[in-house]
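Welcome! Take a moment to look over the structure shown here, and then we can walk through a few of its details together.

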Amino acid sequence: MIELGKFLARIGSSGVGGASNGLFQRSDGRRLMMTLTDELFLPTRIVYCVKDREELVSRFHNLRCMMFDPFRTRWVWQYEFQATRIGFPVNYRRIPRERQPLVLASCYLLDRGAMQVYVRSALRVCKALVFFDRHIPRACARAEYIDEYNLLTAQEPQRPVPEPEDFFNDESRIRYHDIESIADDPARLAAEVSAVSERTLEPLERHRLTAFYEDGEEHMKGAMQMREIMAMAQYLSDTPIKPYQVIRELFQNAYANR
């Protein structure tokens with residue numbers, strides 16, 4: 001069984017900002033990339049369908065935690081004002097003064113009626129979805145897809161820290177298993193389900209966000225926790241992991257410890 005507890009303990013021992021540039025030292029000289037708030041660096045892109053661009057921009061202007069960055073033509077969601085009330089862990093308040101305000105997400109408005117929101121960790125995925133759903137009417141903008149990079153990143157200290165945007169430049173690499181689109185086709189659905197047990201972890205995946213609007217934040221918390229578990233399992237494995245087998249092992253161990 002993967003020793004996830006020990007893995008998390010190693011990471012947590014560095015403390016807030018304790019590792020240089022948010023990177024955790026590996027035995028081979030490379031460093032495991034973490035966020036400044038000591039979360040696993042798992043780049044994510046949330047894709048929104050924008051129905052009313054003017055209303056969306058107006059809402060952003062009225063939020064003191066949103067700032068327009070003219071140099072990169074983006075809006076940034078920062079950890080200040082309204083963002084501090086959404087239940088981030090206490091270590092978000094302990095960020096060094098010179099690193100404040102912490103950028104939680106980068107938001108790009110596209111010409112084709114879409115917005116792409118990039119975040120660095122699974123926790124920020126959950127918080128971003130909840131925050132924007134509270135402050136932006138769904139008739140104005142609604143999240144449709146989540147694009148996930150599922151591998152942990154280790155690199156040499158001298159290399160620059162990548163941006164989440166860097167991981168989604170090649171759209172052709174994103175694997176999209178859209179179960180909802182084949183729900184009414186028994187043959188295709190059966191084939192998709194039968195392949196699950198042998199499928200290895202995809203580095204880049206796309207999922208619909210229907211479940212977030214149906215089941216809320218708790219569903220996303222569970223999904224993001226499982227995503228972190230898979231990323232850790234792959235990080236500790238010399239061969240490609242099979243998520244189905246990891247999940248089965250987790251359930252078997254949970255049942256054995258009852």
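## Around Gln234

In this predicted model, Gln234 touches Leu151, Leu201, Thr239, Pro240 and Ile241, leaving aside residues up to four places away in sequence. Gln234 sits in helix 6. Is Gln234 buried or exposed? Its relative accessibility is 16%, so Gln234 counts as buried, the cut-off for buried being under 20%.

## Helix 6 meets helix 7

Two packed helices are described by the angle between their axes and the distance between the axes. Here, helix 6 (residues 217–235) and helix 7 (residues 243–256) have axes that come within 11 Å and cross at roughly 110°. Because angles of 65 to 115 degrees count as roughly perpendicular, helix 6 is roughly perpendicular to helix 7. On the helix 6 side, the contact is made by Met226, Ile229, Met230 and Ala233; helix 7 brings Pro243, Val246, Ile247 and Leu250. What kinds of residues make up this contact of helix 6 with helix 7? They divide into eight nonpolar, no polar and no charged.

## A look at cysteines

A disulfide is a covalent bond between the sulfur atoms of two cysteines. How many disulfides does the structure hold? The count is zero.

Note on methods. Residues numbered from 1 in each chain as written. Predicted model: local features only at pLDDT ≥ 70, side-chain atom pairs only at ≥ 80, totals over all residues. Heavy atoms only, no water. Axes fitted to C-alpha atoms, helices over the stretch in contact; angles between N-to-C directions. Helix = DSSP H or I, 4+ residues; strand = E, 2+ residues; numbered from the N terminus. Parallel < 35°, antiparallel > 145°, perpendicular 65-115°, else oblique. Contact = heavy atoms within 4.5 Å. Nonpolar A, V, L, I, M, F, W, Y, C, P; charged D, E, K, R; others polar. Buried < 20%, exposed > 50% of the residue type's maximum accessible area, 1.4 Å probe, protein only. Disulfide = S-S within 2.5 Å.
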